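These are my notebook entries on a structure that I had not examined before. I looked up the surroundings of the ligand, and then the packing of the helices.

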Amino acid sequence: MKKMIVFAILLGGIIACSGGNDKSKSNSKSATAIDGAKIYKSNCMLCHGDDGKLGLNNSKDLTVSKLTKEERIDIITNGKNTMVGFSSLLDEDEIKAVAEYTFTLK
Ligand code: HEC
C-alpha cells in the first residue's frame, strides 16, 4: 500500500515537470530596438537550431564559427550554398543585429 502512494507522488511529479513550457521569456522590450535574438528565432533557428549547433541541411555550427562580423553579414545577406540569402526578408540593420547575435551563441 505504501508503495502505491510513493508511486503516485512520483508520477505526479513527472507530470508536473513535463507540463511546463518556456514560452514566457518572450516579453516585448522597447519597440524600436532591433532584437537580433528574435530575428534569429524566426529566421535562422530552422537550420541552425536554438543554440546554433543544430547543423541541419549541412549548416555550420555557429558557436565555433571563426568568421568576422563582416563575413557573417555577407553570408546572411547573400546566402551560401544551401543557406538562403536574407536580403529580401531583412533590412541592413536587422541583418547586422542578427549577425551580432550569432556571436552570443555558445
Ligand atoms: C535553409 C537553412 C538555413 C537557414 C534558414 C539559415 N542558415 Fe545559415 N547556414 C546554412 C548552411 C547550409 C550554411 C553553410 C554554408 C556553407 O558554408 O556551405 C550556413 C552558414 C551560416 C553562417 C556561416 C558559418 C561559418 O562559420 O561558415 C552564418 C554566420 C549563418 N549561416 C548565419 C545564419 C543566420 C544569422 C541565419 C538567419 C538570418 C541563417 N544562417 C539561416 C543554412 C541555413
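Predicted model: local features only at pLDDT ≥ 70, side-chain atom pairs only at ≥ 80, totals over all residues.

**Entry 1: the shell around the ligand.** I asked which residues come nearest to the ligand. The shell holds 21 residues, and those that come nearest are Cys-44, Cys-47, His-48, Ser-65 and Met-83. I then sorted the shell by class and found nine nonpolar, nine polar and three charged residues.

**Entry 2: polar atoms at the ligand.** I looked up distances from polar side-chain atoms to the ligand. For Ser-65, a side-chain N or O atom is 2.6 Å from an oxygen atom of the ligand. His-48 places a polar side-chain atom 2.7 Å from a ligand nitrogen atom. For Lys-80, the distance from a polar side-chain atom to an oxygen atom of the ligand is 3.3 Å. I next looked up the elements behind the shell: helix 3 (45-48), helix 4 (69-78) and helix 5 (92-102) each give two or more residues to it. Helix 4 supplies the largest share, with three residues.

**Entry 3: helix 4 and helix 5.** Two packed helices are described by the angle between their axes and the distance between the axes. How do helix 4 and helix 5 cross, and at what angle? I recorded that their axes come within 9 Å and cross at roughly 125°. Helix 4 and helix 5 are therefore classed as oblique to each other. I also noted that the crossing of helix 4 with helix 5 is right-handed. On the helix 4 side, the residues in contact are Lys-69, Arg-72, Ile-73, Ile-76 and Thr-77. They meet Ile-95, Lys-96, Val-98, Ala-99, Glu-100 and Thr-102 of helix 5. By class, I found five nonpolar, two polar and four charged residues in this contact.

**Entry 4: helix 2 and helix 5.** I turned to helix 2, which covers residues 36-43 and also packs with helix 5. The angle here is about 90°, and the axes are 8 Å apart. This angle makes helix 2 roughly perpendicular to helix 5. Helix 2 contributes Gly-36, Ala-37, Ile-39, Tyr-40 and Lys-41 to the contact, while helix 5 contributes Glu-94, Ala-97, Val-98 and Tyr-101. I classed the residues of the contact of helix 2 with helix 5 as six nonpolar, one polar and two charged.

Technical notes: Residues numbered from 1 in each chain as written. Heavy atoms only, no water. Near = heavy atom within 4 Å. Polar contact = N/O pair within 3.5 Å; in protein donor to acceptor, adjacent residues only side chain to side chain. Helix = DSSP H or I, 4+ residues; strand = E, 2+ residues; numbered from the N terminus. Nonpolar A, V, L, I, M, F, W, Y, C, P; charged D, E, K, R; others polar. Axes fitted to C-alpha atoms, helices over the stretch in contact; angles between N-to-C directions. Parallel < 35°, antiparallel > 145°, perpendicular 65-115°, else oblique. Left-handed = near helix turned anticlockwise from the far one by under 90°. Contact = heavy atoms within 4.5 Å.
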